[in-house]
Amino acid sequence: MIRKRNKILRGIPSSPGISLQRVILHEGEENLIFKYEVSDVEREEKIFNKAIERTKQEIIAIKKRLKAITDPYSAKIFDAQILFLEDKDVILKTINSIKRGKNNAAWAFNHIVHEVALSLHSDQNVFFSDRLGEVDDVVSRVIRNIGGESSGICDGIEGECNLAAHSIAPSNIALCPGKKVKGIATEMGGRTSHTSIVAKALGMPAVTGVQDLLKNIQNNDFIIIDGSRGVVVINPNESTLKTYEERARRYRDYVKGLVSLSDIQPTTIDGHTIELSANIELPLEVKSAIDFGARGIGLFRTEFLFIDGIPSEEEQFKTYRHCAEMIKPNSVIIRTVDIGGDKLFNDASLRDTNPFLGWRAVRVYIKEKSILRTQLRAMLKASAYGDIKIMFPFISAIEEIKSLNDILGKVKRELKREKIKYDEHIEVGIMVEVPSAAILAQEFAKEVDFFSIGSNDLTQYTLACDRGNPRVADLFRPLHPAHLKLIKNTVDAGHSQDIWVGLCGELGGETLAIPLLLGLDLDELSVCPTRIPEVKSIIRHLTLGECHEIASKALSMASAIDIEKYLTNILKEKLKDMDEILAEI
């Protein structure tokens, strides 16, 4: 293979940070297991049982390690692996295969597990397919323990490196020593995959979902992993390397100087302050949000709680209370679970052939009310311990929010009858991410306390462009004038009804967009925690007056490309003393 030079690949930013290192390819394990007849079936059964128990203890130890360095909620992702090792059906079938067929334990276990996998796959179990790598990880551990082999993928790695792979199991990431492995890039996975969760917990930069990663990379290539932007650069040229060395230095400086940065206000030169909050997916990110200077949590995605099934009310309550108490005295906006779309769940009834346009979010739990009622009870109970706001996603019709408010009212009355305390004045808002909600924002504003614009989905639905499809990536332009006009209409409608309007999509953290979004009179921006210092820096170099002029000019244009060029030129002039910002334009 000819070594690629300055090859840039894009994926999903799954754990923030930048790592510049040589790469080691992790090609996974073939698990080529030969079948043979054993003479002593009792001995083989004992070997199997010991391997199961040893693997279980390994996973428990990994879970304890994560719990010690992060929080109890992130470590819980390994509960599913432990439950898998306790699956009586799989264990019993394996033992029967050993006893009746006189099969060796490794082959019997592997065969039984793949029989189960095949049956689930035939039922189009999308969740199982997404987690298949983690099941394979458990199987590999058991098989290695049957043979008395080592379980670590980092064994034998010398010196510092980045890891690249088709997929890497979360337990393997958890066992990687931080002094050796500095970053990971994979072809599979996403922001809420278990591998991403562990990488975040360990502070390891990660980019997942990188198409054709292994086709473009060789062992010992020098690569850059930018986990904040979802970029992998293979064998960078001198210019790119210099740029990323500077970005890495700035990121390290941010991490070291977080306390001082947290006190800086996002205030324009002429004295206008905007609320700057953080988007998070895990409780462990609350601390990061605080350290980077967030004034609250503008979007707490709760999907991670539902990855391995529907959590109990108590489990959700503890998580929400934990976050609310950590962010005090600021608020946390908790979004009810956004089932569907690109979020996969282990429940066949919650899957759809076209999930982005089908049975998703509120469309699911208006009918499956138990999911919503349990989550609302947990949120309300947690609101007694901090400033919590409730936000409903994917609203497209006025009847939906009225129905949701009715359900919320019933839950409140239940808690009151049970004499359980909650914030009786809790604010309720909606995500504006469907064009119908943006167009009818005047009517929706009469039913809620706030709007939060989800620019990712709003762009996708406005432009009829799948935001996850690389074939139409060039069409996905959040600065498209149609999208901007929907944002402007939403803001104006909200203000006319005296409610505040925020934006929690990726657009809020984009350098080019900041002056424009201020000029559209948004009250709040909620962005990735690591973007907060740079967003503050840009805001503090602008005046609100010039931002209004910029927004007015942009809204008069008919092309996203023209708007992007205009904003680029504006920022190069306005921020010419900010080299670190210009490096990203």
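**Notebook: surface patch and aromatic pairs**

I note that the model is predicted. Helix α16, residues 398–417, gives the most to this positive patch, with three residues. I then checked R417, which lies in helix α16. R417 has a relative accessible area of 63% and is therefore exposed, the cut-off being over 50%.

Next I turned to aromatic pairs. The count comes to five. In one of them, the ring centres of F394 and Y461 are 5.8 Å apart and the planes stand at 55 degrees, so I recorded the pair as tilted. F394 sits in the loop between β12 (387–392) and α16, whereas Y461 belongs to helix α19 (residues 455–463), so the pair ties together parts 67 residues apart in sequence. I found F394 buried at 2% relative accessible area, and Y461 is buried as well, at 18%.

I then examined F450 and W500. Their ring centres lie 4.7 Å apart with planes at 5 degrees, so this pair is stacked. The pair links distant parts of the chain, with F450 in strand β14 (residues 450–453) and W500 in strand β15 (residues 500–503), 50 residues apart. Are F450 and W500 buried or partly exposed? F450 counts as buried, at 0% relative accessibility, while W500 is partly exposed, with a relative accessible area of 23%.

Last, I looked up G309, in the loop between β10 (297–301) and α13 (313–327). G309 counts as partly exposed at 25% relative accessibility. The C-alpha atoms of G309 and A80 are separated by 9.5 Å, although the two residues are 229 residues apart along the chain.

Technical notes
Residues numbered from 1 in each chain as written. Predicted model: local features only at pLDDT ≥ 70, side-chain atom pairs only at ≥ 80, totals over all residues. Heavy atoms only, no water. Helix = DSSP H or I, 4+ residues; strand = E, 2+ residues; numbered from the N terminus. Buried < 20%, exposed > 50% of the residue type's maximum accessible area, 1.4 Å probe, protein only. Phe/Tyr/Trp six-rings, centres within 6.5 Å; stacked < 30°, edge-to-face > 60°.
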